[in-house]
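The following note is meant for a colleague who is new to this structure. Please read the numbered points alongside the sequence and the model.

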Amino acid sequence: MRFEVLILGNSSATPMYGRHPTSQILNFNEQLFLIDCGEGTQMQLFRYGIRSTRISHIFISHLHGDHYLGLVGLLSSQHLMGRQADLHLFGPAPLKEILDLQFKHSDTRLRYNLIFHPTNPGERAVILDLPSLKVSTFPLQHRIACTGFRFDEGKRPATLNVEEVEKQKVPTAFLKLLKRGVDCVDKKGVVYKAADLTLPGDKPRSYAYCSDTVMSDAYFDAIRDVNLLYHESTFLHDMVDRAKETFHTTSKEAAEVAKEVHAQRLLLGHYSARYRDLQPLLDESQAIFPNTALSEEGKWFTV
């Protein structure tokens with residue numbers, strides 16, 4: 001099952017050096033989720049071969065422009081392209097007022113059903129609970145209300161014990177049932193037990209997205225033990241005072257967060273426009289948390 005993240009934008013407030021404001025695509029088993037929608041997102045989707053009509057859910061972390069100003073354009077284009085499938089939008093409650101005003105004064109009536117789900121930036125909550133994927137929110141500590149998102153895979157199915165299946169000469173027709181944990185009996189009364197013929201499924205995977213936040217242990221429990229942690233790293237640590245003043249994080253602090261919550265891998269992003277060369281941010285983080293990577297636009301990262 002695919003579980004991977006495509007970086008569409010990794011810049012902070014000002015697009016610079018070919019970098020675009022924050023936006024990501026999460027592909028979970030060919031179901032596409034959009035996380036934040038900075039300026040130019042729909043052009044980035046086109047650039048990297050993602051059909052925007054395949055996006056079923058959009059998650060907006062907060063109402064600073066570099067995280068949502070591409071949304072009106074994307075929603076309008078969906079309308080013009082004849083989208084008919086429902087589109088679920090999760091974000092701060094005032095976002096609906098912003099969209100309503102935009103569509104009112106442009107006399108736009110979407111031909112598809114846009115279902116808005118207001119998030120509560122003050123508490124942790126499960127906002128989407130699908131059989132194979134759960135999405136949760138958690139509060140971040142930014143200058144305005146800001147929400148992080150965590151994506152947890154459901155229980156993964158058992159796998160066949162091929163050696164035992166071949167040894168017992170299990171009929172092919174029983175294999176799907178056995179993987180679901182169902183014991184089977186053939187016409188001769190031979191019993192094939194799922195417990196004997198399967199192995200436990202792989203451990204479920206998880207992805208946490210921390211957009212804009214000052215480093216704080218307030219959200220550590222919400223992101224603990226994730227396979228892949230995306231954490232903003234706007235500044236190098238020599239600008240930690242500026243980071244605190246603007247409620248952002250340094251690359252050193254992002255590494256400390258990843259280490260503290262026992263993340264398997266760390267992905268840096270939301271780079272300040274003052275940095276053309278991003279290698280120093282990576283070096284600073286890897287000195288504390290070696291399994292760190294830079295988010296790069298157009299690159300997929302496996303969860």
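**Sheet and cavity**

1. Strand E1 (residues 3-9) and strand E18 are antiparallel and are joined by 3 bridges. Strands here are DSSP runs (E, at least two residues) and helices likewise (H or I, at least four), numbered from the N terminus; two strands pair if DSSP finds at least two bridges between them. Val5 is placed opposite Phe301 in E18.

2. This is a predicted model, in which local features need pLDDT of at least 70, side-chain atom pairs count only at pLDDT 80 or more, and totals for chains, interfaces and linings use all residues. Residues are numbered from 1 along each chain as its sequence is written, and side-chain values use heavy atoms, leaving out hydrogens and water.

3. The open sheet has 7 strands in the order E6-E5-E4-E3-E2-E1-E18, with mixed pairing. Its edge strands, E6 (114-119) and E18 (300-302), each pair on one side only. Neighbouring strands are turned by 20° against each other on average, direction ignored.

4. Helix H3 (residues 94-105) lies across strand E5 (87-92) and E6, at about 120° to E5. Contact means heavy atoms within 4.5 Å; axes are lines fitted to C-alpha atoms, for helices over the stretch in contact, and angles run from 0 to 180 degrees between N-to-C directions.

5. Which residues line the largest cavity? They are Ser52, Ile55, Ile58, Leu74, Gln78, Arg83 and Leu87. Strand E4 (55-59) and helix H2 (71-80) are the elements that give two or more residues to this lining. A cavity is a set of points on a 1 Å grid over the protein atoms alone where a 1.4 Å probe fits but cannot get out, and lining residues have an atom within 4 Å of a point.

Key. 1 Å grid on protein atoms, 1.4 Å probe; cavity = no way out; pocket = protein on both sides within 12 Å on 5 of 7 lines; lining within 4 Å.
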